[in-house]
Structures are given as C-alpha cells and as structure tokens.
Amino acid sequence: MKNLGEMMKSAQQMQEKMKSMQDELSTMEVTGAAGGGMVKIIMSGKHVTKGVSIDPSLIVVDDAEVLEDLIAAAFNDAKDKAEIMMQEKMSELTGGLQLPP
C-alpha cells in the first residue's frame with residue numbers, strides 16, 4: 001500500500017504543476033506575423049487573441065481580400081507558436097515523457 005500512497009502523492013504534485021503551468025500559459029504571449037510583419041496578432045499561450053496590429057499601408061478599401069488573407073495567416077502563425085510553447089511547457093513538466101494528448 002505504500003506504493004499507492006506514493007502514487008497518489010505524485011499524482012497530486014503533478015496536478016498542482018499542471019495548474020501552475022496553465023496559469024503561466026495564460027500570462028505568456030506569442031506574436032504571429034504575416035506580410036513581412038505588416039500584420040501581427042498577439043495571442044496568449046491559451047489561444048486568447050490579445051491584440052491585432054495592421055500596417056496602415058495595407059488598409060485599401062478596394063482590396064480587402066489581401067488584408068483578410070494576411071490577418072488569417074498571422075492568426076494561424078500565432079496559434080502555431082502558442083501550441084509549440086504549450087508543448088515545450090508540457091515537456092518541461094513531464095520531463096520529456098511522451099503522454100497522449
């Protein structure tokens with residue numbers, strides 16, 4: 001039974017570390033960019049969009065499609081960076097142990 005107690009304690013410590021990591025991810029930010037940095041999306045590690053920056057030269061009334069494409073690309077870039085950051089934090093937490101998603 002000693003092993004069961006140790007496992008429970010270890011599971012509780014892991015749960016506390018996971019909560020701490022989740023809190024940390026919500027305060028961390030990544031910036032996704034497109035169009036050579038002319039469109040930027042700032043996103044938290046928990047995929048919450050914090051801000052959007054658009055170079056004024058891209059705001060052309062008759063050519064909204066280019067701007068729309070760049071915003072989508074910048075958002076996807078930020079999302080990918082946030083996911084990588086989350087995976088790195090999880091790897092730190094698990095010591096490199098590969099766990100299912």
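Two strands pair if DSSP finds at least two bridges between them. The legends below describe a predicted model.

**Figure 1. Gly32 and Thr31 in the pairing of strands E1 and E2.**
In this view Gly32 stands opposite Ile41 of E2. Thr31 stands opposite Ile42 in E2. The two strands, E1 and E2, run antiparallel and are joined by 6 bridges. They form a hairpin with 4 residues between them. In the turn of that hairpin, Gly35 has a positive phi of about 65°.

Which residues of E1 point to one face and are buried? They are Val30, Gly32 and Ala34.

Strand E2 covers residues 39–44 and strand E3 covers residues 49–54. They pair in the antiparallel sense over 5 bridges. Within this pairing, Ile42 stands opposite Gly51 in E3. The hairpin has 4 residues between its strands, and His47 takes a positive phi near 65° there.

**Figure 2. The open sheet.**
The sheet is open and consists of 3 strands in the order E1-E2-E3, with antiparallel pairing. E1 and E3 stand at the edges, each with a single partner strand, so one side of each has no neighbour in the sheet. Direction ignored, neighbouring strands of the sheet are turned by 15° against each other on average. Strands of a sheet pair through backbone hydrogen bonds, either parallel or antiparallel.

**Figure 3. His47 in the loop between E2 and E3.**
His47 is placed in the loop between E2 and E3. Is this residue buried, partly exposed or exposed? His47 has a relative accessible area of 31%, so it counts as partly exposed. Buried residues lie under 20% and exposed residues over 50%. Not counting residues up to four places away in sequence, His47 touches Lys79, Ala82 and Glu83. The C-alpha atoms of His47 and Phe75 are separated by 9.8 Å, although the two residues are 28 residues apart along the chain.

**Figure 4. Ser44 and its contacts.**
Ser44 is in strand E2. Its relative accessibility is 2%, and therefore Ser44 counts as buried. Leaving aside neighbours within four places in sequence, Ser44 is in contact with Leu25, Ser26, Met28, Glu29, Lys50 and Ala82.

**Figure 5. The largest nonpolar core.**
This core holds 15 residues. The members that touch the most other members are Val30, Val39, Met43, Leu58, Leu70, Ala74 and Ala78. Two or more residues of the core come from each of helix H1 (2–27), strand E1 (29–34), E2 and helix H2 (64–94). H2 gives the most, with 7 residues.

**Figure 6. Helix H2 against the sheet.**
H2 lies across E1, E2 and E3 and runs at about 145° to E1. Its buried residues are Leu67, Leu70, Ala74, Ala78, Ala82, Met85, Lys89, Leu93 and Thr94. An α-helix has 3.6 residues a turn, so residues three or four places apart point the same way. How does the span of H2 compare with what its 31 residues should give? At 1.5 Å a residue, H2 should span 45 Å, and its end C-alpha atoms are 45 Å apart, which agrees. Gly95 follows H2 and has a positive phi, near 65°.

**Figure 7. The whole chain, for orientation.**
The protein has 2 helices and 3 strands. From the N terminus on, its elements run α-β-β-β-α. The radius of gyration is 19 Å, well over the 13 Å that the globule rule gives for 101 residues, so the protein is more spread out than a compact globule. Along its principal axes the C-alpha trace spans about 70 × 20 × 15 Å. Of the 101 residues, 20% count as buried. Among contacts between residues at least 6 apart in sequence, 51% join residues at least 24 apart.

Definitions and conventions. Residues numbered from 1 in each chain as written. Predicted model: local features only at pLDDT ≥ 70, side-chain atom pairs only at ≥ 80, totals over all residues. Heavy atoms only, no water. Core = buried A, V, L, I, M, F, W, Y, C linked by side-chain atoms within 4.5 Å. Buried < 20%, exposed > 50% of the residue type's maximum accessible area, 1.4 Å probe, protein only. Expected span 1.5 Å × (residues − 1). Contact = heavy atoms within 4.5 Å. Axes fitted to C-alpha atoms, helices over the stretch in contact; angles between N-to-C directions. Rg over C-alpha atoms; globule rule 2.2 N^0.38 Å.
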